Amino acid sequence: MALSRCELLGQCEALWTFMHREDVPATNNHAERLLRHIVCMRKVSFGTKSPEGSRFIERILTAVTTLRLQNRPVLPFLTHAVESWLHGHSAPSLLPSAYPPLHAAT
């Protein structure tokens, strides 16, 4: 539903926050770039055929994107997650505080 002119004017301060604060970006390009490959994949693959498939895709892509943003290796994390599930253990955490950051080998 579109906002009426009065409702839009009432949001004017929030809409122009980026003009007054340097820490607020003018666009959401960073978020769009993070989602672009997901949108392209969904378009090419025509989505999923079940709710379970949709949940799997949203969860695996969330994990992969989160790990990449944290500069953590994806395959070892996913391997650990599957092994934990197979053995009835709790899943590894995606929280950055749960694991020390990776350092480049020198």
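Let me begin with a definition: on a 1 Å grid over the protein atoms alone, a pocket is an open set of points where a 1.4 Å probe fits, with protein on both sides within 12 Å along at least five of seven lines, whereas in a cavity the probe cannot get out. Lining residues have an atom within 4 Å of a point. Grid points are joined across faces, edges and corners, and a volume is the space filled by probe spheres set on those points. Rolling a probe the size of a water molecule over the atoms shows where empty space is left.

What you have before you is a predicted model, in which local features need pLDDT of at least 70 and side-chain atom pairs count only at pLDDT 80 or more, while totals for chains, interfaces and linings use all residues. Residues are numbered from 1 along each chain as its sequence is written, and side-chain values use heavy atoms, with hydrogens and water left out.

I turn to the overall fold. The chain has six helices and zero strands, and along the sequence the pattern reads α-α-α-α-α-α. Helices (H or I, at least four residues) and strands (E, at least two) are DSSP runs, numbered from the N terminus. Of the 106 residues in the chain, 10% are buried. Here buried means under 20% relative accessible area, exposed means over 50%, and partly exposed lies in between, again with a 1.4 Å probe and protein chains only.

Now to the pockets. The second largest pocket has a volume of about 230 Å³. Which helix gives the most to its lining? That is H4, with six residues; helix H4 (29-45) and H5 each supply at least two. Among the lining residues are Leu35, Ile38, Val39, Arg42, Ile57, Glu58 and Leu61. By class, the lining of this second pocket has six nonpolar, four polar and two charged residues. In this scheme Ala, Val, Leu, Ile, Met, Phe, Trp, Tyr, Cys and Pro count as nonpolar, Asp, Glu, Lys and Arg as charged, and the others, Gly among them, as polar.

The largest pocket has a volume of about 320 Å³. Its lining comprises 13 residues, and Arg59, Ile60, Ala63, Leu78 and Ala81 lie nearest its centre. Helix H5 (51-69) and helix H6 (74-86) are the elements that give two or more residues to this lining, and the largest share, six residues, comes from H5. By class, the lining of the largest pocket has 10 nonpolar, no polar and three charged residues.

The C-alpha atoms of Val64 and Leu75 are separated by 9.0 Å, and the two residues are 11 apart along the chain. In the loop between H5 and H6 we find Asn71, whose phi is near 60°, a positive value in a residue other than glycine. Most residues other than glycine have a negative phi. Asn71 has 53% relative accessibility and therefore counts as exposed.

Next, the charged contacts. How many salt bridges does the structure hold? There are two, a salt bridge being a side-chain nitrogen of Lys or Arg within 4 Å of a carboxyl oxygen of Asp or Glu. One joins Arg55 and Glu58, at 3.0 Å from N to O. Both residues lie in helix H5, three residues apart, about one turn of the helix. Arg55, at 36% relative accessible area, is partly exposed, and Glu58, at 38%, is partly exposed as well. Arg21 forms a salt bridge with Asp23, with the closest N and O atoms 2.7 Å apart. Is Asp23 buried or exposed? Asp23 is exposed, at 55% relative accessible area, while Arg21, at 44%, is partly exposed.

I close with the surface. Leu8, Leu15, Trp16 and Met19 make a nonpolar patch of about 420 Å². Patches are made of residues with over 30% relative accessible area and no salt bridge; like charges are joined within 9 Å, and nonpolar side chains (Val, Leu, Ile, Met, Phe, Trp, Tyr) within 5 Å. Accessible areas come from the Shrake-Rupley method with a 1.4 Å probe, and for residues, only the protein chains shown count as cover. Leu8 sits in helix H1 (residues 5-10) and, at 41% relative accessibility, counts as partly exposed.
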